[in-house]
Amino acid sequence: MNFHVITLFPEMIESALSESITGRALGQGIVHLNTVSLRAFSQNSYGSVDDYTYGGGAGMLIQCEPVWQAYQEVLTRIEDTDREEKDPLIPMKEKKVRVIYTSPGGKLFNEKMAYEFSREEDLIILCGHYEGIDQRVIDRIVTDEVSIGDYVLTGGELPALVIMDAVMRRVPGVLNNEDSAETESFENGLLEYPQYTRPSEWMGVKVPDIILSGDHVKVDIWRHHESLEKTKERRPELYTEWLKSRGIW
Ligand code: ADE
């Protein structure tokens, strides 16, 4: 899978993804990262890509043309890779590549979206900055406007990293058995149950007897119960969804 990130801060993206599991996935070539600096497509000698907002209002807006040109560059790269892999004489079919724009005005990101995005061969992520991006270029190229939560960050790079991390771990081969994704929160629509490791007693607090009992059926029942209780208390809306999905609601 290939990530193409259009950003004002390519190093921020490269550096964060070079660590840990995402770094391993990149090193093994399971996923590829192509960062595109928006500044390289500045229309002036100052290297700026933003301007004042028409109609007044505070802050600067990223202009259409640098974004459009950066997008064209990414498309060329995707086409080139496709041609290398297939017969170079066969013209590439028009294909719709998904373009995610990170913005607090987008749809709230969740695990379902992460899974959906992980099925794409190429994903373009456009990082917002300043007060945002001129709407005309958004309307032309963006397929998914995505927010990572109801708060405003200074830029779209951290949201892009959050999205990429969540997407990457759904790409087959990225997680090994030790990093297993199977039982984690949201996997089955519920929050994860509590977990314990050695020692069996710490600061006078013991691991629940049932966990140490070795009876896997009982352990599974206990864990499921804990998951349900935790979800009911912390995320009632998820709990209701879960009940509905089971036909209990
Ligand atoms: N840019 C600024 N804040 C954001 C958020 N919460 N989600 C996505 N992009 C953003």
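1. Helices (H or I, at least four residues) and strands (E, at least two) are DSSP runs, numbered from the N terminus. Contact means heavy atoms within 4.5 Å. Axes are lines fitted to C-alpha atoms, for helices over the stretch in contact, and angles run from 0 to 180 degrees between N-to-C directions.

2. This is a predicted model, where local features need pLDDT of at least 70, side-chain atom pairs count only at pLDDT 80 or more, and totals for chains, interfaces and linings use all residues. Residues are numbered from 1 along each chain as its sequence is written, and side-chain values use heavy atoms, leaving out hydrogens and water.

3. Helix H4 (residues 111-118) lies across strands E5 (98-108), E6 and E7. H4 runs at about 170 degrees to E5.

4. Five strands form an open sheet in the order E2-E1-E6-E5-E7, and the pairing is parallel. Two strands pair if DSSP finds at least two bridges between them. E2 (32-37) and E7 (144-147) are the edge strands, each pairing on one side only. From one strand to the next, the twist averages 30 degrees.

5. Look at E1 (residues 2-7) and E6 (residues 122-127): five bridges join them in the parallel sense. Ile6 has Leu126 in E6 as its bridge partner. Helix H6 (residues 157-168) packs on the sheet and touches E1, E2, E5, E6 and E7. The direction of H6 makes about 160 degrees with that of E6.

6. Now the ligand. A ligand nitrogen atom is 3.0 Å from a polar backbone atom of Ile148. For Leu153, a polar backbone atom is 2.9 Å from a nitrogen atom of the ligand.

Notes
A polar contact is a pair of N or O atoms within 3.5 Å; within protein, one must be able to donate a hydrogen and the other to accept it, and residues adjacent in sequence count only if both atoms are side-chain atoms.
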